[in-house]
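Thanks for coming, everyone. Let me put the structure up, and then I will walk through a few parts of it.

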Amino acid sequence: MGNGNSSNKEAKVEDTPPQEQEQQPVLSTGINENPVRNRTSDERRHQRRRGSRKQYIQLGNIRLSIVSGDITEQTSDVVVNSAVPDLNLSKGHASKALLNAAGQDIQDECNRNYPSGIKSTDVAITGPGNMKCKAIYHVTVPTYRNAGDEKNLETVTKNCLQQATRCGMTSISFPALGTGFRKYNPQVAVSTLLKTVENFSKNAPNSSLKQINCVVFENDTFKIFLKEAKDRAMSQGETTIVTKPPTTTQIGNINTSLTVGSLVNEQADVIVCSCAKSMKLSQRKGIANALSEEAGSGLQAEIDQKYQNGINI
């Protein structure tokens, strides 16, 4: 991701690639409008294979995605679990689902390391159990009672972001905190989330975190979250909305995706840049110049040091 200055020039809401690919090419249009809980088992299996389409807003150096789906299937470094204060993970629909997915080990770890439970200012950390993340952060959100209680959501979210940064994590997935039996208005919840992430990005520009997912299970809540993200993006500047999902196929053991979007926003170990022989990235408009702006002056400085005479074709 780029530096804070370049990222603040525009805010984007785009589709991002699915986390899991199907073995045959997939083409579809629009975000799935059907609530997850109303799908048949076959439809749910197909949705998992196809991967949930995500849309994101760029907030400083952090990309925040609004995801429709099941948080237990996320592969981010950290998955956040909304739990009760005594950390009995079998209480609450979402927490119980996560316990079933991760296994009894995480409950045993909670009992061993947090015998007195947690407060709303705490973050209890366990291993991933059977899940694909690196760690699970367990938090508790007080029930909404009065105007201003959204401050609780801000505190919980900020504490998770700070903890993930201390641990060097690059991605984290939140549920729609507070929108269930804690009775927070979804509009208030998503506004608080966006504001908290934006403030965190400004105050911690060197954070290791680059990707934040907000995974929303309930369809009506997902629509509210997605609309707020789009409205926030448009209020901040130029907005690009990509409506075509990636086309994916498997060739041998390699998954190949054809994606409409901006290369500078891709998450991959390697990004290939087509540039002039001189390797002066800002010499002309195009992907090389865009990468230079996103990566910062350090990229060109490294190129000038290692490839003083450019490269040969």
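Start with strand β6, residues 135-139. Strand β6 is mostly covered, with five of its five residues buried. Buried here means under 20% relative accessible area, exposed means over 50%, and partly exposed is in between, with a 1.4 Å probe and protein chains only. Helices (H or I, at least four residues) and strands (E, at least two) are DSSP runs, numbered from the N terminus.

A word on the source. This is a predicted model, where local features need pLDDT of at least 70 and side-chain atom pairs count only at pLDDT 80 or more, while totals for chains, interfaces and linings use all residues. Residues are numbered from 1 along each chain as its sequence is written, and side-chain values use heavy atoms, with hydrogens and water left out.

Back to β6. Which residues sit on each of its faces? Ala135, Tyr137 and Val139 are on one side, Ile136 and His138 are on the other, and all are buried.

Now its neighbours. Two strands pair if DSSP finds at least two bridges between them. Strand β4, residues 78-82, runs parallel to β6, and five bridges join them. There, Val80 stands opposite Tyr137. Strand β5, residues 124-126, runs antiparallel to β6, with three bridges. Ile125 has Tyr137 of β6 as its bridge partner. So much for the strands.

Next, salt bridges. I count a salt bridge when a side-chain nitrogen of Lys or Arg is within 4 Å of a carboxyl oxygen of Asp or Glu. The search of the whole structure finds eight.

One of them joins Lys134 and Asp77, at 3.7 Å, N to O. Why does this pair tie together parts that are 57 residues apart in sequence? Because Lys134 lies in the loop between β5 and β6, while Asp77 lies in the loop between β3 (62-68) and β4. Lys134 is exposed, with a relative accessible area of 53%. Asp77, at 10%, counts as buried.

Another salt bridge is between Lys91 and Asp86, at 3.3 Å, N to O. Lys91 is partly exposed, at 41% relative accessible area. Asp86 is partly exposed too, at 42%.

Then take Asp304 and Lys280, whose side chains meet in a salt bridge at 3.2 Å, N to O. Asp304 is in helix α9 (residues 297-306) and Lys280 is in the loop between β10 (254-258) and α8 (287-295), so this pair ties together parts 24 residues apart in sequence. Asp304 has 31% relative accessibility and counts as partly exposed. Lys280, at 40%, counts as partly exposed. There is also a network: Lys151, Glu154 and Lys195 are joined by salt bridges that share partners.

While we are at α8, a quick look at that helix. Ala288, Asn289, Leu291, Ser292 and Glu294 are buried there. Just after α8, Gly296 takes a positive phi of about 95°.

On to aromatics. A pair of aromatic rings is described by the distance of the centres and the angle of the planes. Rings of Phe, Tyr and Trp (its six-membered ring) pair if their centres lie within 6.5 Å; planes under 30 degrees apart count as stacked, over 60 as edge-to-face and the rest as tilted. How many pairs does the search of the whole structure find? One. Tyr144 and Tyr184 form that pair, edge-to-face, 5.3 Å centre to centre, with 70° between the planes. Tyr144 is in the loop between β6 and α5, Tyr184 is in the loop between β7 and α6, and they are 40 residues apart. Tyr144 counts as partly exposed, at 29% relative accessibility. Tyr184 counts as buried, at 2%.

Last topic: cavities. On a 1 Å grid over the protein atoms alone, a cavity is a set of points where a 1.4 Å probe fits but cannot get out, and lining residues have an atom within 4 Å of a point. Grid points are joined across faces, edges and corners, and a volume is the space filled by probe spheres set on the points.

The whole structure has four cavities of 30 Å³ or more. The largest share, three residues, comes from α6.

What is the make-up of that lining, nonpolar, polar or charged? Nine residues are nonpolar, two are polar and none is charged.

Technical notes:
On a 1 Å grid over the protein atoms alone, a cavity is a set of points where a 1.4 Å probe fits but cannot get out, and a pocket is an open set with protein on both sides within 12 Å along at least five of seven lines; lining residues have an atom within 4 Å of a point. Ala, Val, Leu, Ile, Met, Phe, Trp, Tyr, Cys and Pro count as nonpolar, Asp, Glu, Lys and Arg as charged, and the others, Gly among them, as polar.
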